[in-house]
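Let me put the structure up and then walk you through a few spots in it.

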Amino acid sequence: MNRRDFLKTAVGAGTQLVTWRSTVANAADDERPFRLAFGACARQERPQPIWDAIAGRQPDLFAFLGDNVYGDTRDINVLRDQYKALAAKPEFARFRSRVPLVATWDDHDYGENNADSRYPMKRESKQVFLDFFDEPKDTERRLRDGGIYTAYSFGPPGRIVQLILLDTRYHRSPFSMVDVPTALLRKLSGRGPYRPQQSSRRTMLGPAQWAWLERQFSAPADVRIVATSTPFVSSFTGSETWANLPNERRRMVELIRRTGAGGVLFISGDIHRAELSAARDATLPYTLWELTSSGLNRSNLYESFNKNRQGEPYRGHNFGLIEVDWRASEPAVTLQACSRDGEAMIAQRMPIAELQPAAL
Ligand SMILES: [Fe+2]
């Protein structure tokens with residue numbers, strides 16, 4: 001059994017801790033860098049040729065970060081049909097037969113554009129989502145009365161890559177908006193209607209997910225990839241980002257600091273372009289990086305207003321690729337945003353040693 005087949009079996013069984021080396025006696029293959037591909041925002045009624053390019057980069061695993069289909073409905077049968085349309089796409093079916101998939105959602109596949117905790121069909125939508133992604137019947141994720149957040153760990157002690165999939169919809173409070181004339185003006189430049197709101201009562205994750213995340217950050221891991229459908233490090237507040245709830249953003253930073261969690265980096269989707277962001281200042285435990293990749297078959301030509309952006313955004317259809325290489329004299333993580341031909345359009349390499357609480 002090769003590593004990809006092993007991960008497919010393990011992820012399909014809802015395994016929360018996957019120790020590759022102890023299960024498969026193929027140490028040579030284990031020396032290959034761990035490769036996670038991810039992507040977001042895929043219109044199911046349009047072609048999705050990008051799947052062949054993603055397979056071409058030979059990922060061990062693919063993570064969907066939301067807007068995996070565009071449901072935009074309160075009719076659960078309509079939502080189920082949108083997933084069926086995705087499943088029926090030959091290019092996606094081919095990819096799915098080769099690469100194990102994990103997923104979280106964003107607004108359109110959760111149910112409606114910009115939907116939050118008030119979306120009335122969220123329990124039903126959760127069932128449709130978990131059925132589509134083959135979540136076993138008896139996992140905590142399926143049985144809890146709450147969102148679809150979950151985590152996986154890959155690799156032996158000292159080389160553990162943790163993938164944390166947050167749910168930024170099920171428990172999220174409403175965002176505040178600018179007044180109507182300002183919103184209309186903003187619309188012309190693609191800036192979106194939201195504004196930051198300082199309030200300790202508004203939440204992104206909800207209390208139970210925060211407590212769960214603390215347990216994840218306290219578990220052993222060397223690299224922690226935190227997947228959030230809407231961007232975390234980006235400074236832009238017009239669209240749905242963590243910057244609209246500064247208290248919750250600070251809470252995440254405090255949690256990383258308090259638990260001493262090293263190796264945290266963020267991945268996100270939603271915005272229909274790819275960009276790399278970094279936040280560095282004395283209030284942070286270390287430089288916080290984020291690779292945003294979106295969409296798999298959608299793009300956005302508006303300007304990027306994200307002050308934490310590093311370099312230029314990429315506006316073509318794209319997917320993200322994270323490679324964790326333990327073999328180098330200085331073990332490192334490489335973040336890439338790749339075009340629909342599989343070519344890296346944005347790339348950033350960072351030594352894992354720099355993602356530690358003492359590094360700033
Ligand atoms: Fe979205």
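So, the chain has twelve helices and 16 strands; those are DSSP runs, numbered from the N terminus, with helices being H or I of at least four residues and strands E of at least two. Before anything else: this is a predicted model, where local features need pLDDT of at least 70, side-chain atom pairs count only at pLDDT 80 or more, and totals for chains, interfaces and linings use all residues. Residues are numbered from 1 along each chain as its sequence is written.

Overall shape, then. The C-alpha atoms fill a box of roughly 65 × 50 × 40 Å along the principal axes. Buried residues make up 43% of the 360. Buried here is 20 or more other C-beta atoms within 10 Å of the residue's own, exposed is 12 or fewer, partly exposed is in between, and C-beta atoms are placed from the backbone.

Now zoom in on Thr-73, in the loop between strand S3 (61-64) and helix H5 (76-87). Is Thr-73 buried or partly exposed? Partly exposed, because it has 17 C-beta neighbours inside 10 Å. Beyond its neighbours within four places in sequence, Thr-73 is in contact with Val-78, Leu-79 and Gly-111, contact being C-beta atoms, placed from the backbone, within 7 Å.

The axes of H5 and helix H8 (residues 122-132) come within 10 Å and cross at roughly 20°; axes are lines fitted to C-alpha atoms, for helices over the stretch in contact, with angles from 0 to 180 degrees between N-to-C directions. H5 and H8 are therefore roughly parallel, the label for angles under 35 degrees. The contact uses Ile-76, Leu-79, Arg-80 and Tyr-83 of H5, and Glu-124, Ser-125, Val-128 and Phe-132 of H8. As a reminder, an α-helix has 3.6 residues a turn, so residues three or four places apart point the same way.

Contrast helix H10, residues 180-188: zero of its nine residues are buried, so it lies largely in the open. After H10 comes Gly-190, with a positive phi near 70°.

Last stop: strands S15 (residues 332-339) and S16 (residues 344-351) run antiparallel, joined by seven bridges; pairing takes at least two DSSP bridges. Leu-335 stands opposite Gln-348 in S16. The two strands form a hairpin with four residues between them, and Gly-342 in the turn has a positive phi of about 90°.

Terms used. Contact = placed C-beta atoms within 7 Å. Parallel < 35°, antiparallel > 145°, perpendicular 65-115°, else oblique.
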